Amino acid sequence: MLAYPEGLPTPQREGYGFDPVSPMTSTKLVSGRSERRRAFVSTPTVATVTWLLTAPEARLFEGWFEYVLLSGSLPFECPLLTPMGLEPYRANFVDIYSGPVLVGVDLWRFSAQLSPVSYTHLRAHETCADL
């Protein structure tokens, strides 16, 4: 598994978050009502991330994206902070990153959307035990 480069910082807190894709689908009934049901169990999630990098880190990030991940097309393992803690996740870039944008005197901001392959939740018995 390809890895996020050692030495690069984890994403910034500002704007960091996860957006799950709705697992529900609906069927329109003849009566005009809709019947809703779960379409899939493993809900796809998109993480919005931003990195603030020095010039050498920015060069490493761009080179890694282009030449190691083949323009971001390959999956990789990276640390992501979730309510479960900071854990390694297998992820893909949804599309190419935004940036670099100059911040201050000599820092560069990159933003991207990542799709973790499996976003970890508590299991049903763990969740029900806490209720």
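Predicted model: local features only at pLDDT ≥ 70, side-chain atom pairs only at ≥ 80, totals over all residues.
Trainee: What's the fold made of, how many helices and strands?

Mentor: Two helices and eight strands. Going along the sequence, the order is β-β-β-β-α-β-β-β-β-α.

Trainee: How does the radius of gyration of the protein sit against a compact globule of 131 residues?

Mentor: The globule would come out near 14 Å, but the protein has 18 Å. If you want a box, the C-alpha atoms fill roughly 60 × 40 × 30 Å along the principal axes.

Trainee: What about contacts between residues at least 6 apart in sequence, what percentage join residues at least 24 apart?

Mentor: That's 61% of them.

Trainee: Switching to charges. How many positive and negative side chains are there?

Mentor: There are 10 positive and 13 negative ones. The centres of the two sets lie 14 Å apart.

Trainee: I keep seeing rings in there. How many aromatic pairs does a search of the whole structure find?

Mentor: It finds 15. Take Phe61 and Phe110: their ring centres are 5.0 Å apart, with 50 degrees between the planes, so the pair counts as tilted.

Trainee: Where in the chain do those two sit?

Mentor: Phe61 is in helix 1, residues 55-68, and Phe110 is in strand 8, residues 107-116. They are 49 residues apart, so this pair links distant parts of the chain.

Trainee: Buried or exposed, those two?

Mentor: Phe61 and Phe110 are both buried.

Trainee: Which residues do ring pairs link into a cluster?

Mentor: The cluster holds Tyr4, Trp51, Phe61, Trp64, Phe65, Phe76, Phe93, Tyr97 and Phe110.

Trainee: New topic, Cys78. Where is it?

Mentor: Cys78 is in strand 5, which covers residues 76-82.

Trainee: And why does Cys78 count as buried?

Mentor: Because its relative accessible area is 4%, and the cut-off for buried is under 20%.

Trainee: What does Cys78 touch, not counting residues up to four places away in sequence?

Mentor: With those set aside, Cys78 touches Tyr4, Glu87, Pro88, Tyr89, Ala91 and Leu114. Tyr4 also turns up in the ring cluster. As for Pro44, it sits 34 residues from Cys78 in sequence, and the two C-alpha atoms are 17 Å apart.

Trainee: What about Val117, where does that lie?

Mentor: In the loop between strand 8 and helix 2, the helix being 124-130. Val117 is partly exposed, at 42% relative accessible area.

Trainee: And which residues does Val117 touch, not counting those up to four places away in sequence?

Mentor: Arg90, Ala91 and Asn92. Ala91 is also among the residues that Cys78 touches. Glu87 is 30 residues from Val117 along the chain, and their C-alpha atoms are separated by 13 Å.

Trainee: Let's do backbone. Which peptide bond is cis?

Mentor: The one from Gly99 to Pro100 is cis, with omega near 10 degrees. Pro100 belongs to strand 7, residues 98-103.

Trainee: I also flagged Leu70. What is its phi near?

Mentor: Phi of Leu70 is near 50 degrees, a positive value in a residue other than glycine. Ser71 has a positive phi too, about 60 degrees, and isn't a glycine either.

Trainee: Where is Ser71 found?

Mentor: Ser71 is in the loop between helix 1 and strand 5, and Leu70 is placed in that loop as well. Ser71 is partly exposed, with a relative accessible area of 41%.

Trainee: Last one, Gly17. Which strand is it in?

Mentor: Strand 1, residues 17-20. At 22% relative accessibility, Gly17 counts as partly exposed.

Trainee: Which residues is Gly17 in contact with, leaving aside neighbours within four places in sequence?

Mentor: Val46, Ala47 and Thr48. Gly17 and Ala47 are 30 residues apart along the chain, and 5.6 Å separates their C-alpha atoms.

Key:
Residues numbered from 1 in each chain as written. Heavy atoms only, no water. Helix = DSSP H or I, 4+ residues; strand = E, 2+ residues; numbered from the N terminus. Rg over C-alpha atoms; globule rule 2.2 N^0.38 Å. Contact = heavy atoms within 4.5 Å. Lys, Arg positive; Asp, Glu negative; His and termini not counted. Charge placed at Lys NZ, Arg CZ, Asp CG, Glu CD. Phe/Tyr/Trp six-rings, centres within 6.5 Å; stacked < 30°, edge-to-face > 60°. Buried < 20%, exposed > 50% of the residue type's maximum accessible area, 1.4 Å probe, protein only.
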